[in-house]
Amino acid sequence: MKLATLFFLGGILALTSCSREDDSRDGTRVESITFGHFYGECAGDGCVETYRLTGSNLYKDVADNYPGAGPYEFVLLSNEAYISALPVLTELPQELLNEESEEIGCPDCADQGGIFIEYVVNEVTYQWRIDQATNAIPEYLVPYVELVNGKIAEIG
């Protein structure tokens, strides 16, 4: 019986100490945040910019598909770009997780564009399309939209 208990406890220990590291002290495991902007009535480079931030890297999507319209094609960016992008994750408003809709405002309805956020935490995926018009979104989101736009311009 003791041997079976030891194997059981060893199995539990092995399962709970696997590969991914916790990103905070409360056990939250952030796997990635994908962020970018999109403009439907737009021509040229910069109409769709998408980045993925993981625990140790930042990637840029070079396929430039409208969010949800096609697969990503990510390429690794520099460590400096990774460090620059970290506030997109660390400043993510917790209120956003309580939003009932994936669409906030009316992103790109009047050619004003939108922000795309995909947040994967504890194997749960959250997605939002957020209006660029600050008068169409909750006040708590305005600084975050400005931050995301600033980081896209800085990294881009």
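Helices here are DSSP runs of H or I with at least four residues, and strands are E runs of at least two, both numbered from the N terminus. On that basis the chain has three helices and seven strands. The model is a predicted one.

**Whole chain**

Start with the cartoon. Trace the chain along its sequence and the order reads α-β-β-β-β-α-β-β-β-α. Now switch to a surface. The chain exposes about 9200 Å², and carbon and sulfur atoms supply 53% of that area. Of its 156 residues, 33% count as buried. Turn to contacts between residues at least 6 apart in sequence: 56% of them join residues at least 24 apart.

**Confidence**

Colour by pLDDT. The mean for the chain is 84, and 82% of the residues reach 70 or more. Then select residues 1-25, where pLDDT is below 50. Beyond near neighbours in sequence, this stretch makes 10 contacts in the model.

**Disulfides**

Show the cysteines next. How many disulfides does a search of the whole structure find? It finds two. With the bonded cysteines numbered in sequence order, they pair 1-2 and 3-4.

Zoom to C42 and C47. Their sulfur atoms lie 2.0 Å apart, in a disulfide. The torsion about the S-S bond is about -80 degrees, so this disulfide is left-handed. Compare the two ends. C42 is partly exposed, at 37% relative accessibility. C47 is buried, at 8%.

Move on to C106 and C109, joined by a disulfide with an S to S distance of 1.8 Å. This link is left-handed too, with -70 degrees about the S-S bond. Is C109 buried or exposed? C109 is exposed, because its relative accessible area of 51% is over the 50% cut-off. C106 counts as partly exposed, at 33%.

**Strand β5**

Select residues 103-104, which make up strand β5; E103 sits here. At 44% relative accessibility, E103 is partly exposed.

**Salt bridges**

Now display the charged side chains. The structure holds five salt bridges.

Begin with K60 and E49, whose side chains meet at 2.5 Å, N to O. This pair links distant parts of the chain: K60 lies in strand β3 (residues 58-61) and E49 in strand β2 (residues 48-53), 11 residues apart. K60 counts as buried, at 16% relative accessibility. E49 is also buried, with a relative accessible area of 7%.

Which residue forms a salt bridge with R52? The partner is E118, with the closest N and O atoms 3.4 Å apart. E118 is buried, at 11%, whereas R52 is partly exposed, at 21%.

Go to helix α3, residues 142-155. Here the side chains of K151 and E154 meet in a salt bridge, 3.4 Å from N to O. The two are three residues apart in the helix, so about one helical turn separates them. K151 counts as buried, because its 13% relative accessibility is under the 20% cut-off.

Finish with R29, E31 and E123. Select them together: a network of salt bridges links the three.

Definitions and conventions. Residues numbered from 1 in each chain as written. Predicted model: local features only at pLDDT ≥ 70, side-chain atom pairs only at ≥ 80, totals over all residues. Heavy atoms only, no water. Disulfide = S-S within 2.5 Å. Buried < 20%, exposed > 50% of the residue type's maximum accessible area, 1.4 Å probe, protein only. Contact = heavy atoms within 4.5 Å. Areas by Shrake-Rupley, 256 points an atom, 1.4 Å probe, with all protein chains shown as cover. pLDDT = per-residue confidence, 0-100. Salt bridge = Lys/Arg side-chain N within 4 Å of Asp/Glu carboxyl O.
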